[in-house]
Amino acid sequence: MADRTDAPGVPVITAPLLHAWLNAARAVAESTRELVNFLNVFPVPDADTGTNVLLTVRSACDALALLPPGADLAQTARAAADGAVRGARGNSGLLISQVLAALADVCAEAPDPTALRPVELVHAYERIATTTWAAVSRPVAGTLLTVAQDAATGARTAFEESTASAPPSVSTVAASAAFGAQESVVETAGLGHGAVDAGGAALMLMYTSLSDTIDAGHADAAPGALPASPSVTATSMPSTLPCTDVARQMLDDLVAAATHGAGARENAGPFSTGEFEVMYLLEATAAQAAALRRDLEAIGDSVGVVGTPDALGVGMFQVHVHTDTPRAALPRSGRARQVCIHHLHPTALALAPAWEADEPPLPTSAPADGRVVSFERLAARRAQHDSQAAPAAAGNGSHAAANSAPRRVGVIACTRAPGLIEQFARTGAVVVLDPERDGIVRAAGDLGAAQAVVLPCDPQAAASAHAAARFLAARSAVSSVRGAGTGEAARTIPEGVRLLVCDTDDEAGVLAAAVAVAGQGEHAELGELATRAGSVAAAVRTTALTGPDAETDAVAAALTAALRPDDELVTVILGRDALPDVGAVAAATVARYAEQQLDSPDAIEVVIHAGAQPTPDVLLAIG
């Protein structure tokens with residue numbers, strides 16, 4: 001049936017309704033975060049879909065708070081989409097940001113920038129279905145993509161089945177789309193993505209929230225009747241969400257009636273084979289973003305490049321990929337910001353075989369002999385030490401049970417060396433490349449921990465880390481005030497992330513500290529972990545060489561002057577402009593010194609990293 005306009009007086013979607021819907025969606029995401037996290041087994045069973053969706057929707061709401069009074073629907077939708085793209089977390093967050101971007105595009109194309117009629121709302125559901133499917137490099141049925149398609153089909157059916165006596169309305173279109181989403185979730189339950197696909201459940205809840213918001217009467221505002229302030233408040237959302245309550249109960253029932261997908265897939269391989277998750281914001285043209293997506297599809301999966309380019313094709317894009325080669329996922333063109341990398345799967349370090357009794361202890365204890373290990377091998381030794389200590393801790397009986405486990409402490413490793421991001425991520429830290437405040441704030445959200453140690457790589461990174469800590473503390477204080485009332489939203493506001501910045505000041509110190517605290521976040525307090533990281537980093541003697549001082553003869557002379565007979569490890573981090581033979585010369589210099597002083601050229605271990613940092617050209621670390 002041909003598209004038709006709505007009858008006079010039929011409610012339309014306006015800017016106030018969009019505010020109200022996103023407020024409701026945020027409250028629902030907060031209250032269902034743990035449920036959706038529990039459902040998360042696809043593409044990686046890391047139990048973070050609910051958190052990622054919440055952070056993405058919250059970023060959209062935060063963007064609305066910055067709108068000036070009088071913003072129309074098109075401007076409001078675009079602000080929400082831009083905020084969601086900038087704040088998207090994980091694969092699910094990226095798709096939710098695409099949902100809002102598609103809605104913003106339809107609002108921008110509508111004849112009236114202040115209102116969305118039923119026909120345009122149908123177009124929005126259909127645009128969401130096509131663009132979310134196109135946003136994924138390898139679309140999989142039975143996921144959020146299928147839920148979006150079924151919801152669009154429901155919206156179109158409601159519109160085409162309307163009559164002159166019962167004209168289409170945004171209420172009937174939204175209700176039909178919400179019902180289609182609910183049916184889709186039921187029909188796709190148990191298809192291999194767990195009891196219910198977590199992303200599909202999250203999108204369904206957003207759609208039921210929209211239907212509830214419309215039915216609550218927020219669509220009755222006339223076009224152009226905007227609130228006095230566009231700030232996000234609890235009063236600008238419906239007091240009851242009956243359709244969403246039914247949907248949530250449905251999810252509870254589906255979970256109760258099915259075996260959780262993690263157990264059902266016990267003998268199956270992982271959906272995603274990439275070892276690392278890489279996410280960043282990219283300022284680029286649409287052509288550059290398209291080229292990047294093709295490159296990412298060649299090196300990984302769960303690829304997404306979502307953005308909101310302007311009329312000239314230039315904009316901000318959210319980039320996501322799971323890959324075994326995180327450095328290859330960095331863009332060759334455009335400007336990347338908030339580059340965050342974290343490890344998804346166990347590594348060889350964590351699965352290292354048992355060490356022999358004569359091998360060295362941890363760096364914090366007295367050495368038993370002269371055996372030398374690298375930072376990486378120390379990490380494996382530390383993991384074995386923790387696994388052996390665990391049964392003894394469990395044997396403390398009721399006293400241990402009475403004291404609740406300390407809150408998990410995460411680690412954020414800052415670096416300007418793209419060649420080291422894989423090394424840092426393997427320690428379990430979230431890595432921030434070219435750190436600035438917003439990137440560190442983003443990493444803090446990705447950790448899923450209430451506390452984190454930040455390891456800055458230089459004074460500028462330290463200043464950014466302190467700025468991030470102040471920002472998170474201020475936001476936590478504001479959230480506490482907003483949550484002082486009653487109701488579900490007030491009870492579920494998180495208390496924020498506390499950051500403690502260590503005194504690391506170069507890449508070598510960050511690497512040593514990250515290895516020293518690897519795997520310790522579950523068992524140590526924040527201050528204890530920061531103290532350990534700082535003391536290990538301080539024990540490493542570093543020398544930064546640039547320009548003439550980084551030439552081969554100068555490097556050899558600097559190493560010879562710095563080495564001591566009791567040294568065990570020399571780490572050489574080569575910068576972007578380092579001479580090609582510096583690494584080999586450094587290794588030969590250390591071997592010659594060890595043979596002369598210790599009667600064995602292998603007495604001091606040498607580890608060489610191609611860090612590719614802009615400065616210094618060569619960083620020597622000895623300890």
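In what order do the strands of the open sheet lie? The legends below answer this for a predicted model, in which local features need pLDDT of at least 70, side-chain atom pairs count only at pLDDT 80 or more, and totals for chains, interfaces and linings use all residues. Residues are numbered from 1 along each chain as its sequence is written, and side-chain values use heavy atoms, without hydrogens and water.

**View 1. The open sheet has eight strands in the order 2-3-1-4-6-5-7-8.** Pairing is mixed; two strands pair if DSSP finds at least two bridges between them. Strands (E, at least two residues) and helices (H or I, at least four) are DSSP runs, numbered from the N terminus. Strand 2 (300-307) and strand 8 (498-501) stand at the edges, each with a single partner strand, so one side of each has no neighbour in the sheet.

**View 2. Strand 7 (residues 451-455) and strand 8 run parallel.** Four bridges join them. Val 454 has Val 501 in strand 8 as its bridge partner.

**View 3. Helix 1 (residues 15-31) is mostly covered.**

**View 4. Ile 214 belongs to helix 9 (residues 198-215).** Ile 214 counts as buried because its relative accessibility is 7%. Ala 20 is 194 residues away from Ile 214 in sequence, yet their C-alpha atoms are 9.1 Å apart in space.

**View 5. Tyr 125 touches several residues beyond four places away in sequence.** Among them are Ala 148, Val 173, Tyr 207 and Leu 210. Contact means heavy atoms within 4.5 Å.

Definitions and conventions
Buried means under 20% relative accessible area, exposed over 50%, partly exposed in between (1.4 Å probe, protein chains only).
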